[in-house]
Amino acid sequence: MLWAEPAPRPVTPDTRAAEAHVRGCAACQAFFHDHEALAAILRRHAPREPAPPHVRRRVFDALGRAGAQTAPGAGLAGRLGRVAAVAVVVIGASLGVWLVGGTSADEQWRHQLSAFAGDHLEAGTDLAIASSNRTEIRAWLDERLAFAVHVPRIPNAELEGARLCAFAGRPAGVVCYRIDGQLVSLYLMAPDAADPGRLEPAQLVGGGDAAAEVVAWEGGGLVHALAGRVTPTRLRDMARYCLDVPAARRRF
Amino acid sequence: MDNGRVVEDLLSEHLDALYRTALRLCGGRTADAEDLIQELALRVFRKSHELREPAAARSWLFTILTRTHLNRVRSARRRPEVGAHDLDEQAFEAALASWRSPERPDYAFERLQTSERVTAALDGLDPDLRAVIWLVDVEGFRQREAAAMLEVPEGTVASRLFRARRALREAMVAAAHPMARRQGA
């Protein structure tokens, strides 16, 4: 009885009697101690292999394909579309897209920026790891993403933690900062050949209004984006510290 | 939050635990574990509307994982849900009564407390026993939860857990005293 229902277990007359017996029985005590010791060894030393990055990527790719195969308006493809639509509604008709060093942003970038904004607004302070330690955050993300992540130190911004998300099945890491009392999300995602038009080094694309501003760029082999309810100037200032490429900092 | 987002978030949060459990269910065979995880992801995606209680999400995911694994095993070889080696209640009680602790169990285990050796001992267990001891002792599910996941009676889980621990202990003691084992052989 005690074996089949380890503590905490419902208290019944039978369990009380059994527990009383065990208290006075050296053999039973040895039995339970022996098993508890073995269980403790297992808990302490059992292998805890994290899912390798290629497994994580494979899972999210499969989810992305599954979503794309479902009816229009359902699944991940529909979700991305709805997120984009919601973000566009939230951000409003005044969504302006600008490109530093360029003249226009294509529709794919517009949708991607909207997706970043929608995710930022939707996720809020829902962090998977809460920490102000850059090393800890980087290690947490490195265990879960297929690409190396740089967690920048941004002046006047407090590191709050990180989480994961995905856009059309592509996993992304999100590092969250607090600046001027506002949460700002830094998105890091591997680029996809079929996704937004590639940017030149140190080009910055962005958009938004009072609901959420977004800036995005490519560098270090990744798509980066900052989203938050702060001014575009503030986001561009933050972006200077997010990529350890002096030329990019100069041009931003 | 829609189902797609729920699935992505759930899998992101629990993928490490699901993967290592898949690895143990598959006896350490990484290719099988990876296939199992991918099949799990698709099943979770299709069944996401069935998740009513977010607090039960972990148990729900592990249930889908273990049942997906069982389906794969069953399709490979038809087998009864209760293995022939499972003890009936009377035999189980007799086995419990006959348990003899080693004189110094901690001593026997202390040289074995490495993940590699525990992994080897675990992967050497019968698959049915390994699934139970992993779900209960490592992942921390209650015996009744493991019974539901594996679709066997609770008594069978209790019996398998007992047998798994006994087999694991014997394997670890044997590994801790290889000289004695060779001399005794």
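Predicted model: local features only at pLDDT ≥ 70, side-chain atom pairs only at ≥ 80, totals over all residues.
Visitor: With 21 C-beta neighbours inside 10 Å, does Phe162(B) count as buried or exposed?
Guide: Residues are numbered from 1 along each chain as its sequence is written, while chains are lettered from A and ligands numbered from 1 in the order in which they are written. A residue is buried if 20 or more other C-beta atoms, placed from the backbone, lie within 10 Å of its own, exposed if 12 or fewer, and partly exposed in between. Phe162(B) has 21 such neighbours and therefore counts as buried.

Visitor: How far apart in space are Phe162(B) and Ile133(B), C-alpha to C-alpha?
Guide: In sequence, 29 residues separate the two. From C-alpha to C-alpha, the distance between Phe162(B) and Ile133(B) is 8.7 Å.

Visitor: How are helix 7 and helix 8 of chain B oriented to each other?
Guide: The axes are lines fitted to C-alpha atoms over the stretch in contact, with angles from 0 to 180 degrees between N-to-C directions. For helix 7 (residues 127-138) and helix 8 (residues 143-150) of chain B, the axes come within 9 Å and cross at roughly 135°. Angles under 35 degrees count as roughly parallel, over 145 as roughly antiparallel, 65 to 115 as roughly perpendicular, and the rest as oblique. Helix 7 and helix 8 of chain B are therefore oblique.

Visitor: How many nonpolar residues are in the contact of helix 7 with helix 8 of chain B?
Guide: Contact requires C-beta atoms, placed from the backbone, within 7 Å. Helix 7 of chain B brings Ala131(B), Val132(B), Leu135(B) and Val136(B), which meet Gln143(B), Ala146(B), Met149(B) and Leu150(B) in helix 8. Ala, Val, Leu, Ile, Met, Phe, Trp, Tyr, Cys and Pro count as nonpolar, Asp, Glu, Lys and Arg as charged, and the others, Gly among them, as polar. The contact has no charged residues, 1 polar residue and a nonpolar count of 7.

Visitor: How many of the 8 residues of helix 8 of chain B are buried?
Guide: The buried residues are Gln143(B), Glu145(B), Ala146(B), Ala147(B), Met149(B) and Leu150(B). Helix 8 of chain B is mostly covered, with a buried count of 6.

Visitor: Where in chain A is Asn156(A), which has a positive phi of about 70° although it is not a glycine?
Guide: Asn156(A) is exposed, with 11 other C-beta atoms within 10 Å. Its place is in the loop between helix 6 (134-144) and strand 3 (158-167).

Visitor: What is the mean pLDDT of chain B?
Guide: Residues 78-84 of chain B stay under 50, with 6 contacts beyond four places in sequence. In chain B, 71% of residues reach 70 or more, and the mean pLDDT is 78.

How values were computed. Helix = DSSP H or I, 4+ residues; strand = E, 2+ residues; numbered from the N terminus. Contact = placed C-beta atoms within 7 Å. pLDDT = per-residue confidence, 0-100.
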